[in-house]
Structure formats: C-alpha cells, structure tokens
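Here is a short tour of one protein model, written for someone who likes to know the cut-offs behind the words. Have a look at the structure first, and then we can go through its strands and charged pairs together.

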Amino acid sequence: MKKSESNLILERNRKYIAGGVVSLNRLIEPMRVFERAQGAYIWDAEGRRYIDYHSAFSPFLLGHCDPDVDSAVVEAIGKNQSLFGAGTTRWEGELSELIVNCVPSAEQVQITNTGTEATYHAVRIARAATGRDGIVIIQGGYNGWHNDVAFNLMDSTERLAQSNPGEERPLFPISAGIPHSVHQHVHVVEFNDLSAVRQVFEKGTIAGIILEPVLQNIGIVKPLTGYLEGLRRLCDEYSVLLIFDEVKTGFRQGLSGYQGMCGVKPDLSTFGKAIANGYPLGVIGGKQEFMRYLYHPDSSKRVLMAGTYNAHPVPVAAAIATLRKLKMYEGKIYTHLKRLGKRIESGLHGVFAEFGRDYSIVRQGSAFIVYFMDHEPVSWLDIANNHDMDFDRAYRAELIKEGIFYFPMPNKHGSISYAHCTSDIDEMIETTAIVLHRLESRLS
C-alpha cells in the first residue's frame, strides 16, 4: 500500500529528531502532520481542513496569521529592524509601556522569549527579595519546564491518596534529570486549598507561591469564592510573594488579565501565549520594589536578566500590533469572543443533555472544556477521582476524524479565537451530536 504524505514525513523526521517531534507534548494520537493555517483553520499534509479549537495551546487570540499582526512583522523586517544585541530600541520601550498601561500590578516589566523563562525569573526574584528558597506550586498546574516547577502534573489517584486535603502533596517530578537537592525547596498543594497553603507557609522557608489564577493546564478549574483573596492575605501575613502565571489567562480574558477581573493584585505576573498572537514572546512584570532586583545596586542581591534574543524586533513588532489591535477594538473583539463562548457552552449543553452520561461544561471567556463528571471540578484530585478519561479520549479522537481539531488528550481545554465565526461554533455543536451518537451506539 502506498504510504501517505504524512507517514513519509513522520518516518523522515523520526530519523533525525529525537522522539520524532520537537516538543514531546506534540506526540499525539491520532498523529497529524500540519502544513498551514489561516484564521480559525489548519490543514494537514493531505490537504484536509480542520476547525482549530486547540490553537497551539491557545496563543492565537486573534486567529492564525492575523493580517494586522503579520503586516507589522513584515514591516519590521522591511525596515531592517535587526537584532542589535546592545543598547535598547524604541520598540521594546513601546511594548513595555503598553503592557504597564494594561496590567494593574505591572509597574515595570521585562521581556523574555517564552513563558517558561518568565516564570523562571519570577522564582529567582522571589528568592532574592525574601532571602528564602522555598517555592509553592499547584498540583496539576503547569508553569514551565524548569526544575523548580516541573512536578506534580496529572498524577494518578494512587499517588494522590498519599496525602489528605489541607496537607502538602508528596513530590513527583515530571522529568528525569532534576537534582534531588531541588526537592527540598519545592512544595505542592491542591488548587483551592487555603489550609494546605497556610500549613506550608508556617515552615517559614517559603519565598513565593506561583499559580495560574484559573487552572488551565488540566482544562479549566476556577478559583472558589475567596480563594485568590485568601492567598493574597496569606502572602501578606507570611511575607511571601504571590506570583500569577497569566501565560494562558493574560489578554485572552481581557486587557488587564485575569487579575483585572478578579481584583486581586499579585506581586509578580508572567505572560506569554496571546500577547504576540503566536509569535514567541514572554513577559514578567510586577511591583517596582520586586522588579528592581533585576537591576539592584547591590550586586550580591541582583537577579541576572540576560538573553541575546530577549525583545527580538520581530516578536516585539507582533506583540505591539496585537496589543494595539486589542486596545483599539477592545469592545468588539471581547464581545465577539464572549458571544461565541456563550454560544458553544449553550449548544453543547443542549447536545449533552440528550444523553444519560454525566457531564459538566466549564467556560472561562473564550476557553471551554467538557468534563465527563456530574459537577464542575475544583482541583486535580477532583478530576482524577471523577472524570471519565477514557470517554474523553474517545470523544476527542472522533471529533478529529470529523474535522474538528480538539487536542486529543483528556483534560485539555479548547480555545475560541476572534477569527472563529458563528458557523464554526455551530459545526462544533453539530459534530458533537454526531460523535456522541456514534460513541454511545458502540457502548450499548
């Protein structure tokens, strides 16, 4: 049998790329080779079009290849806006000013290439500012791949049973190669569990707590009423830095980030994903009293901020164009996203209500997910104990077969972009009905 173009590409790539893909979380099943994208759509090597609700882990707030953003990039290249590697540029200053004017807690910022780099710097600043080494992270959260945060993602119920609510979780690294000495400084708690946070803070060794204000690595888990406010009070009480990882929630929720919606100001914030509409760029921002550690007059207290490609003119041009467009059409863009988000939530409720299976649809702005459990989850423990992972996996695989690209791993949320239209949403709803009938008939 003649091999498909996708299979030929995959075989060739596997000869030269360790693992076959350049970011191993792209190793999906069913595997796909993608060739191009535009707006709300992506095409594979066989030319098949998909409505994209994955959005490359959600950076494309405006849609793939937004013409205004791409035009700004082409213009920057055409004007020979190269990487100088010394001094400064007007563009990085303009971008920084835009961010500071948008984000309530950002008095100063620094620009990185990725969200992971931004969270790395945030952890270092917290340690420099407090003189302590301990870092608290959230079970099921994802704040990048560096040593201090690479623990406890989607652990099994057997592992979770090793501790109780209100207690710190045992550590489970997600990567080999992390020195065991790092373990003594990392502490893991469940989302929405203030008692566990207080228990860890009482050790007196904690520099900072870093978390997504809405937990979006495991779908969408919202903070319970008073949770973020409670974290702010605990951090003030124990002189611990509160760090919001807004890599996913920032700018997708609104120009002020999720912190602007919830009214809780963190000490430091990190951004990425939507800020440059898919171009590689991250940001760390926060109160000047903490950001000053990046240029502290006492060299022994100074946190190193270096990176040849930081604020490269191409992604900076993309970020400026993205934020300008969001500011100029703020009401139009976010109203459109909210309208489509409500439409998909309502439509999916209508479809799932016809079946006897437990489900819960959770939406935060333009992000959405279906959990196959009878209530909205409050933590990873809740999901692990109640969500039907196998049915979720089968549901996603069937959607992909029908031309709806929804990341084929349980607990990953979908993202709607400004480029999506009503017919795209309706096709997702109609396809879901087809897929559910097919899956239920197999199980009956």
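A residue counts as buried under 20% relative accessible area, as exposed over 50% and as partly exposed in between, using a 1.4 Å probe and protein chains only. Helices (H or I, at least four residues) and strands (E, at least two) are DSSP runs numbered from the N terminus. The model is predicted, so local features need pLDDT of at least 70 and side-chain atom pairs count only at pLDDT 80 or more, while totals for chains, interfaces and linings use all residues. Residues are numbered from 1 along each chain as its sequence is written, and side-chain values use heavy atoms, with hydrogens and water left out.

Let us begin with strand E11. Both of its faces are covered: Ser360, Val362 and Gln364 are buried on one side, and Ile361 and Arg363 are buried on the other. Five of the five residues of E11 (360–364) are buried, so the strand is largely enclosed by the rest of the structure. E11 runs antiparallel to strand E12 (residues 367–371), joined to it by five bridges; two strands pair if DSSP finds at least two bridges between them. Serine 360 sits opposite tyrosine 371 of E12. Two residues separate the strands of this hairpin, where glycine 365 has a positive phi near 65°.

Elsewhere, seven strands form an open sheet with mixed pairing, in the order E4-E10-E9-E8-E7-E5-E6. Strands E4 (108–112) and E6 (186–189) are at the edges with a single partner strand each, so one side of each has no neighbour in the sheet. E4 and E10 (residues 282–286) run antiparallel and are joined by five bridges, with valine 109 opposite glycine 285.

Now to the charges. The whole structure holds 22 salt bridges, each a side-chain nitrogen of Lys or Arg within 4 Å of a carboxyl oxygen of Asp or Glu. Three of them are tabulated here:

| Pair | Closest N and O atoms |
|---|---|
| Arginine 232 and aspartate 267 | 3.0 Å |
| Glutamate 402 and arginine 438 | 2.8 Å |

Are arginine 232 and aspartate 267 buried or exposed? Both are buried. By contrast, aspartate 426 is partly exposed at 22% relative accessible area, and arginine 343 is partly exposed at 36%. Glutamate 402 is likewise partly exposed, at 30%, as is arginine 438, at 25%. Salt bridges with shared partners join Glu398, Lys401, Glu402, Arg438 and Arg442 into one network.
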